[in-house]
Amino acid sequence: MRLKPLFLLLSLFSVTTTAAPVAFHNIQGYGFDENRQLVNFQTLVFDDESGQILARGAKELLAHYATAKQIDGQGKTLLPGLIDGHGHILGLGEYLKQADLRGIGSEQQSAAAVASFAKNNPEQQWLVGRGWNQVLWESKTFPGKTTLDEMVPDKPVYLVRVDAHAAWVNSKALALAGISKDTLDPPGGEIIRDANGEPTGVLIDNAMYLVQRKIPTPTEAEKRAALATAFQHLQALGITSVHDAGVNTELVKLYQQLQQEQQLGVRVYPMLSAKDPALESWFKAGIIDDASDWLDIRSVKIYGDGALGSRGAALLADYSDQPGQQGLLVTEPDALTEIMRLTINAGFQANVHAIGDRANRLVLDRFEQLSNLEALQQSRHRVEHAQIVSPQDIPRFKKLHILPAMQAVHATSDMNMAGDRLGVARLRGAYAWRTFVDQGSIIVGGSDFPVELANPFHGLHASVTRQDQQNQPVGGWLPEQRLSLVEALRSFTVDAAYGAFQEEKMGTLAPGSWADFILVDRDIFAIPPAELWQTTTLETWIHGQQRFKR
């Protein structure tokens, strides 16, 4: 790999005599230049008052900052702070305190884990958990209320599937929600039923809300505690900024309070939920471009379809493993058109969830109808996930200047069922990172935590190897779609920043940008790709201040 040499690059802006420079030296530093090309440096100088980088370069740069506070990096690798372009911060904080069903191998074992959680948390009136995945079970079939009833008969149980597009509940929860044989499926949702029409205990997409709305709303104190837990978790993983995908006004207001109190643990780029009743008031107020980039508010998360694992992703043709089923549109086409129109006309960025090929086509069609190419280029609208796209629609992303916001770990999580759901032919446009990058599309990388684990090095590993952490399958799954490590790192740094209009200040470690960086325990460009996921963050710095040290 050839790195563009960077021997001495000084700040382009004036530095006053009151600056408090800090010089990190004896490091193996990596960043990007104005052309998104990787650069290597051994010294990084920043102002810990303004939080901005002053210079980066070779070890000789240190002589130009003789009065700076010097920190010996002891040869450690320094990277730009990693940006998760699609996560759910409050959901992560809550998940870390709920029943964790991730990776459990059967329905019975999952129910037993809930019973154990109930025993250890007797104060909980509702038993909430997350992470079950029937694809990992020998049965491969959805679970049912009977198993939960046997384990937890006296309290309502609400368990979210790993992809957050299905819920598994017990009879107590169904009764509290008033769901019976006679209950109609809500638009964009499905109540799974047995041969007699009785609810089985599994709810898909919009049907989840029938039970979810009965769960007591967390207090502000509980939300603050959950956010604090999430911030600490993210800092320890080397994440310095998150695009929070789909937040209501109440949560945005809480973020604003935390910013005023200087308690935001990471930079937050919140996407306002298209379902928020106050959305039009945000449009009238206009975008909020925070000069410090702690809390820029200018985007809306719009909901297209469901997810592949629960067969809610909207497909152009039937699911290969369930004839007659083509998925769900969470937002009906006319309503989707209207909310996209309102968002675009308000000058906000429209970030639309689309997983299936039908949903992706519907969204691309509407971008094309509702705006012109010049406006689209300036607006940087996004498709969140872009997982299964018809090969003929992939070039439209580039033509229409739509950014694919993709999560590499979804491919390695879904590879054990994607072929069953889609068949071989449709996989040509599935999880197609290489195809997108080769046509010049900028991928906004992320994890979709807590759907997946938040660790960004898992995403880098999946991008480069197309394998799980046991190095399976041999050679990688759909290996022709692999990215290089430089491309993968871009997706979690400067390209993710581009997806939030922040590339001038974040993701590169260039002079003038924010001093958001991490130290890790290995040189990711000098190890076998199979070991990338094992990388550990040692220190996390945001805005020139150390936020985490292992």
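Visitor: Leaving aside neighbours within four places in sequence, which residues is serine 110 in contact with?

Guide: They are Leu101, Ile104, Trp137 and Trp168. Contact means heavy atoms within 4.5 Å. This is a predicted model: local features need pLDDT of at least 70, side-chain atom pairs count only at pLDDT 80 or more, and totals for chains, interfaces and linings use all residues. Residues are numbered from 1 along each chain as its sequence is written, and side-chain values use heavy atoms, leaving out hydrogens and water.

Visitor: Why is serine 110 called buried?

Guide: Buried means under 20% relative accessible area, exposed over 50%, partly exposed in between (1.4 Å probe, protein chains only). Serine 110 has 0%, so serine 110 is buried.

Visitor: What makes valine 157 count as buried?

Guide: Its relative accessibility is 0%, so the label is buried. Beyond its neighbours within four places in sequence, valine 157 has contacts including Val114, Leu127, Trp168 and Ala173.

Visitor: Why are helix 6 and helix 7 called roughly perpendicular?

Guide: The axes of helix 6 (residues 220-236) and helix 7 (residues 249-260) cross at roughly 65°. Angles under 35 degrees count as roughly parallel, over 145 as roughly antiparallel, 65 to 115 as roughly perpendicular and the rest as oblique. Helix 6 and helix 7 are therefore roughly perpendicular.

Visitor: Which residues of helix 6 meet helix 7?

Guide: Glu220, Lys223, Arg224, Leu227 and Phe231 of helix 6 do. Their partners in helix 7 include Leu251, Leu254 and Tyr255.

Definitions and conventions:
Axes are lines fitted to C-alpha atoms, for helices over the stretch in contact, and angles run from 0 to 180 degrees between N-to-C directions. Helices (H or I, at least four residues) and strands (E, at least two) are DSSP runs, numbered from the N terminus.
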